[in-house]
Structure formats: C-alpha cells, structure tokens
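This report looks at side-chain packing. It starts with aromatic rings and then turns to the nonpolar core.

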Amino acid sequence: MLRLSGGSGPLPDPRPQYAAYPQPPIGAGHWSVEYEPRPSAVREARAQVRRQLEGWGLADRAELVDTAELLVSELATNALLHCASSFRLTLNAAHGVLRCEVTDSGRRVPQVLQAGGAESGRGMFLVNALARRWSCHQDGAGKTVWFELGTCGGDGCERREAFDRRVV
C-alpha cells in the first residue's frame, strides 16, 4: 500500500474499476460516413450498419443488428425524402449501448405518427417503438436524429428507459 509523504491514509487504487458498466466488445467504438443523396444510399447505409456491427463482434445479437438496420433505414429514408441532401451516418458502441445518428441539412423535426394504413409516415413510429430512446437536435444549419439500442444481454440492459423526447 502506498502512502503520501506526511499523509495518514492510503492512495486510491490507480487502476479504475469499470465493472459497473458493461464494456463494448473488442474493436467497438466509433464509425461515421457521409452518403450522397441517391436512392441506393439507404441500401448502402443499411448494409454498412450490418458489416460494422459484425466487425464489432455483435453479429450474435441478430435482433440488435436487424433492428439497427431497420431504424437506420428509416432515418436515412427521411433524410433523403425530406431534405434531398447528403446525410452522415454515425455509429457509436460503448458501455452496453449502440447509438446511431443520421445528420442531414433539413430543419424539419421528425414526428411520430400513428401506424395506420398509409404508405408512408410510419418510420418514426418504428423508431419510437423499438429504440431504447431517441431524440433530435438542431445541428448548425441542419439536424441530427439519433436512437439508442442496448447491446448487452445482461438483466435490464434491454429495458426501455423513460426519456424526454422534446427537441433539444
């Protein structure tokens, strides 16, 4: 045990303990790419989400991968339909959470509509129903819409958390 010179107590353990937070798989972290405003961009983004999550060791969580693909597809489609501009997809995995963000040049805030018989308008309904939490914030001249999914299999990791969904 180390003691400070002239001190009466031991120094804190220099090796922090992170057991309270589930750690991401080896190789997990941050990934981001920009897509041009073309119809194939949504398909490319969806495929890249799958590849990235597989690369981060999350392929065994098929429901997570499928849900992330679906919700990213919805946000990317919204960016193309409502902004007709390029969009940036960003993925972050850490501490049992996958955060997916889509940034575009639009200022229109997404709305959650009831899932009815209409051909469109259900994207944010799906995000609201399947994500642990989500929100939208103004980002310079545009906005970023994001959602989070749990990545760990531990008790309580997949529970949906209450979250204020007002635009920040």
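## Aromatic pairing

The structure, a predicted model, holds 1 aromatic pair. The partners are Y35 and F87. Their ring centres lie 5.3 Å apart. The planes meet at 25°, under the 30 degrees that count as stacked, so this pair is stacked.

Y35 belongs to strand β1 and F87 to strand β2. The pair therefore ties together parts that are 52 residues apart in sequence.

## The largest nonpolar core

In soluble globular proteins, nonpolar side chains tend to be buried together. Here the largest nonpolar core has 33 residues. Which of them touch the most other members? They are F87, L89, L98 and F147.

Helix α2 gives the largest share, 9 residues.

## Around L98

L98 is one of the core members that touch the most others. Setting aside neighbours within four places in sequence, what is L98 in contact with? Its contacts are L53, W56, L64, A68, N92, A93, F147, E148, L149 and T151. Among them, F147 is also one of the core members with the most such contacts.

## A charge over a ring

R99 and W146 form another arrangement. The charged end of R99 sits over the W146 ring. It lies 3.8 Å from the ring centre.

Definitions and conventions. Residues are numbered from 1 along each chain as its sequence is written. This is a predicted model: local features need pLDDT of at least 70, side-chain atom pairs count only at pLDDT 80 or more; totals for chains, interfaces and linings use all residues. Side-chain values use heavy atoms; hydrogens and water are left out. A nonpolar core is a set of buried Ala, Val, Leu, Ile, Met, Phe, Trp, Tyr and Cys residues joined through side-chain atoms within 4.5 Å. Buried means under 20% relative accessible area, exposed over 50%, partly exposed in between (1.4 Å probe, protein chains only). Helices (H or I, at least four residues) and strands (E, at least two) are DSSP runs, numbered from the N terminus. Contact means heavy atoms within 4.5 Å. Rings of Phe, Tyr and Trp (its six-membered ring) pair if their centres lie within 6.5 Å; planes under 30 degrees apart count as stacked, over 60 as edge-to-face and the rest as tilted. A charge sits over a ring if NZ of Lys or CZ of Arg is within 6 Å of the ring centre and within 35 degrees of the ring normal.
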